[in-house]
Amino acid sequence: MVILAIGMLIPVGYVIEATARIGVDELATLLLRPRVGELLGNTVLILVLGVPITILLGVGSAWLVERTDLPGRRFFAILTVAPLAIPAFVSSYGWASVVPSIQGLGGGLLVATLAYYPLVYLPALATLRGLNPSLEESARSLGLKERAVLLRVVLPQLRLAILGGGLIVALHLLSEYGAFAFIRFDTFTTAIVVAYQSTFAGPSAASLGIVLALLSVIVLGIEATARGRARYAYVGSGNARPAQLVKLGKFTPLAILALVTIATLATVVPMVSVIRWSLATKPEMLDGLWRALVDTSLLSLGGAIGAIVVALPVAWLATRHPSRLSRVLEGGYSIASSLPAIIVALALVTVTLNVAPGLYQTAATVTAAYVIIFLPRALVTLRAGLAQVPESLEEAARALGTPPLLARLRVTIPLLFPAIAAAGALVALGAANELTATLLLAPTGTRTLATQFWSAASSIDYAGAAPYAISLVLLSIPAVALLFAQTRGRTR
Amino acid sequence: MKLHISGVSKSFGPTPVLTDIGFDVAQGSRTAIVGPSGCGKTTLLRLIAGFVEPDSGEISLGDRVLAAPGRSVPAHRRGIGYVAQDGALFPHLSVAANIGFGLPRAGRTERIVEVMKLTSLDAALVSRYPHQLSGGQQQRVALARALAPRPEVVLLDEPFSALDTGLREQTRAAVITALERSGTTTVLVTHDQEEALSFGDGVAVMMRGSLPQSGSPESVFGNPGTAEIAALMGSIVLLPAVRFGNEIDSALGRISVRHDRSAGAESVSAMVRPSQVSLSVDLTHGSALVTGVRYIGPTAVVSLRTLGDPPIALSLAIPALQAQSLAVGAVVGLKVDGGAVLYSASATIH
């Protein structure tokens with residue numbers, strides 16, 4: 001456990017160590033430049049504007065498909081989650097090839113909010129499904145109008161979903177590289193990659209990294225403060241009694257128009273553009289595809305297994321034996337994992353070069369990066385899964401003469417299997433779409449779908465990039481479907 | 001084999017949950033531990049099952065020590081069955097696989113059939129899954145699963161509380177029959193005094209982490225050690241009383257003393273059960289003002305207030321037909337049969 005915790009804290013340690021190494025004076029000269037101010041402005045603006053827009057899109061569409069008499073609710077429910085299967089950088093490439101003039105903050109906002117609003121949509125949908133309809137009925141019987149019920153009863157209960165989803169979106173916005181680099185919108189993350197490419201892991205990349213890490217911690221702090229003492233309550237698998245649907249009446253066409261517009265901008269435009277380019281793909285461009293598919297699968301699978309192996313004991317401690325140690329471990333993990341992938345990558349480059357040069361640019365290092373970056377996904381899923389397996393089942397098995405370890409194996413693990421599969425799928429999905437850490441850490445010659453896509457697309461070989469983009473989307477669909485099914489409470 | 005518990009204490013952090021618990025359960029007998037929620041009764045059961053270790057004291061079964069300072073037999077080697085409040089059936093296993101979970105491969109099928117019969121479970125249920133069973137069936141499967149490996153002792157943790165009233169009676173009867181037939185030593189915990197009194201041979205009263213009284217259901221109900229225990233075991237009327245030889249004088253007239261628990265205290269309270277009190281036309285023993293009459297089908301609940309000082313409120317359930325002559329504001333005579341239990345007035349609640 002302790003070794004694992006130390007491993008997870010490498011990125012945090014790196015940031016502190018880098019600060020100490022560079023020294024405050026040099027850090028000041030490196031950071032007090034107009035360029036850094038511009039980056040800071042861009043990064044803060046995309047956060048301040050992007051997070052509320054994604055919340056609006058996510059909560060609004062969740063409410064429309066879950067709580068209104070919208071025609072075709074099931075269809076729209078699926079259509080709304082579809083952008084999750086399209087990596088942001090693929091969507092950005094789709095847009096950039098359709099509207100070449102798209103760029104800057106406006107372009108960044110358009111691409112990022114459309115790519116990330118499902119991250120708010122899903123938890124909001126889950127919460128809306130889990131809400132006890134009798135709360136709303138009580139409010140109505142107390143004389144509240146429909147609008148007042150929505151504002152005073154439903155929305156307050158969505159607070160945790162909104163904060164949690166908003167936090168994830170904010171962290172994604174901080175760490176996004178590909179989508180922003182495409183449309184020439186500069187944030188700290190894109191600037192770090194540029195600095196890394198020109199000066200390697202030198203002080204300029206590190207100093208930008210320190211600011212980026214600080215921004216992530218600030219975002220975490222804001223979310224923690226807003227959340228207060230409330231906890232992410234477990235959302236049940238829905239109520240037997242469905243909630244009464246709000247009648248949209250004359251607003252129905254408007255609601256449909258809104259959802260269709262979102263879907264068109266978020267899914268149809270990028271996908272049509274990708275498919276159009278793929279028609280121009282020449283057969284010889286497919287040569288690397290098979291190889292990339294294999295490499296991607298192996299690395300993603302490694303990351304998934306690694307993350308589950310690390311997350312399982314932590315989830316176990318946190319749900320079964322909550323203690324100071326388990327909370328410290330969890331806190332450490334969540335800080336390490338909320339640092340942008342580029343920081344994790346820089347940290348692992350520095351550590352491997354200085355401590356274990358043999359591991360530099362090996363599959364092991366990439367896998368470690370995936371584990372660190374995607375651990376929260378595994379942890380959250382496994383915790384929820386474990387919380388659903390009552391401890392009394394294991395006790396019952398022990399009272400029947402089964403030794404504790406065997407009881408776990410015969411009772412808890414089979415019941416946990418859906419959660420393990422879901423956690424693995426989520427990590428693998430993230431790893432397959434991961435760009436920055438893979439670019440920095442992958443062994444020379446390793447070609448993943450994401451890196452191959454990137455090298456083709458960033459040299460404006462749009463046709464060559466298309467098959468990789470399509471493969472990434474196809475690979476992501478099962479994981480998104482699984483996530484969606486879980487949200488709708490169809491598993492188990 | 002006798003289940004023997006002595007001097008058992010347990011704290012969770014700084015909070016003492018059980019202090020110096022001691023009691024015995026004779027082989028083949030059924031004992032109910034009754035107490036308000038949060039009194040530590042589930043913890044006691046979990047100590048016996050081996051899920052929790054005591055801080056001090058000893059738990060033994062026959063001559064085998066299960067738990068003593070510094071050593072503890074793990075739950076899976078105790079041979080003690082446990083039925084949790086919700087049954088804790090394995091949701092991924094069928095009824096047969098649940099019941100057979102703790103059985104060796106040899107003879108498993110035969111034993112499953114046998115215990116299903118013992119617990120009055122329909123053989124057609126074998127391939128069902130827990131979510132396809134009713135609540136009462138789930139509890140009986142849980143009991144069958146616990147009884148299948150022929151444990152020396154079986155522990156039941158409020159096994160009927162999740163069931164609704166009609167089903168509860170029926171399931172309780174089926175469970176008692178199954179336990180009787182198998183002759184298994186049983187400990188049940190419950191917060192329902194009726195359940196405790198009707199469950200078996202012994203009742204142990206638990207309060208704030210200790211066991212102030214245990215014995216036969218009749219003695220615990222009829223001769224409670226304190227007024228608090230008396231109130232826990234059923235509704236009571238507590239009357240300020242004056243000793244008068246072998247009797248007492250009270251607002252309900254002169255009552256004989258059935259048990260004296262006052263340890264010779266100067267001022268005493270007399271405890272009678274409302275079921276001992278009956279209405280009479282004779283106003284000389286004790287009398288009271290009718291403050292309300294409420295009909296519940298065939299019975300009427302009559303609320304009364306005694307005329308003396310301080311006034312004592314009590315409610316009597318009488319046949320509805322007899323209550324028709326009673327009007328609010330009328331004065332009725334009261335008679336007590338069966339004698340009172342005396343407690344020291346300073347030590348009683350109220």
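**Strand pairing and contacts**

Visitor: Which residue in strand 8 of chain B is the bridge partner of B:V83?
Guide: In this predicted model, strand 7 and strand 8 (residues 153-157) of chain B run parallel and are joined by four bridges, where strands (E, at least two residues) and helices (H or I, at least four) are DSSP runs numbered from the N terminus. Two strands pair if DSSP finds at least two bridges between them. In strand 8 of chain B, the residue bridged to B:V83 is B:L156.

Visitor: How far may the model be trusted, and what ipTM does the predictor give the complex?
Guide: Because this is a predicted model, local features need pLDDT of at least 70 and side-chain atom pairs count only at pLDDT 80 or more, while totals for chains, interfaces and linings use all residues. Residues are numbered from 1 along each chain as its sequence is written, and chains are lettered from A and ligands numbered from 1 in the order in which they are written. Chain B averages a pLDDT (the predictor's confidence in each residue, from 0 to 100) of 87, and 99% of its residues score at least 70. The complex has a pTM of 0.72 and an ipTM of 0.73.

Visitor: Which strands of chain B stand at the edges of the open sheet of six strands?
Guide: The sheet has mixed pairing and the order 7-8-9-3-10-11. Each edge strand has a single partner strand, so one side of each is left without a neighbour in the sheet; these are strand 7 and strand 11 (210-215) of chain B.

Visitor: Which strand gives the largest share of the side of chain B that touches chain A?
Guide: The contact takes 16 residues from chain B and 15 residues from chain A, two residues being in contact if their C-beta atoms, placed from the backbone, lie within 7 Å. The largest share of the chain B side, three residues, comes from strand 7 (residues 80-83) of chain B.

Visitor: How many residues lie between strand 17 and strand 18 of chain B in their hairpin?
Guide: Strand 17 (residues 286-296) and strand 18 (residues 299-306) of chain B run antiparallel with eight bridges, and B:V290 is bridged to B:L304. In the turn, B:G297 has a positive phi of about 60°. The number of residues between the two strands is two.

Visitor: Which residue in strand 19 of chain B is the bridge partner of B:R305?
Guide: Strand 18 of chain B also runs antiparallel to strand 19 (residues 313-319), with seven bridges, and a hairpin joins the two through six residues. The partner of B:R305 in strand 19 is B:A313.

Visitor: Is A:V193 buried, partly exposed or exposed?
Guide: A:V193, in helix 13 (residues 188-199) of chain A, is in contact with A:Y177, A:I342 and A:T436 when its neighbours within four places in sequence are left aside. A residue is buried if 20 or more other C-beta atoms lie within 10 Å of its own, exposed if 12 or fewer, and partly exposed in between, with C-beta atoms placed from the backbone. With 22 such neighbours, A:V193 counts as buried.

Visitor: What is the phi of B:D20?
Guide: Most residues other than glycine have a negative phi. B:D20, in strand 2 (residues 15-25) of chain B, is partly exposed, with 13 other C-beta atoms within 10 Å. Although B:D20 is not a glycine, its phi is positive, at about 50°.
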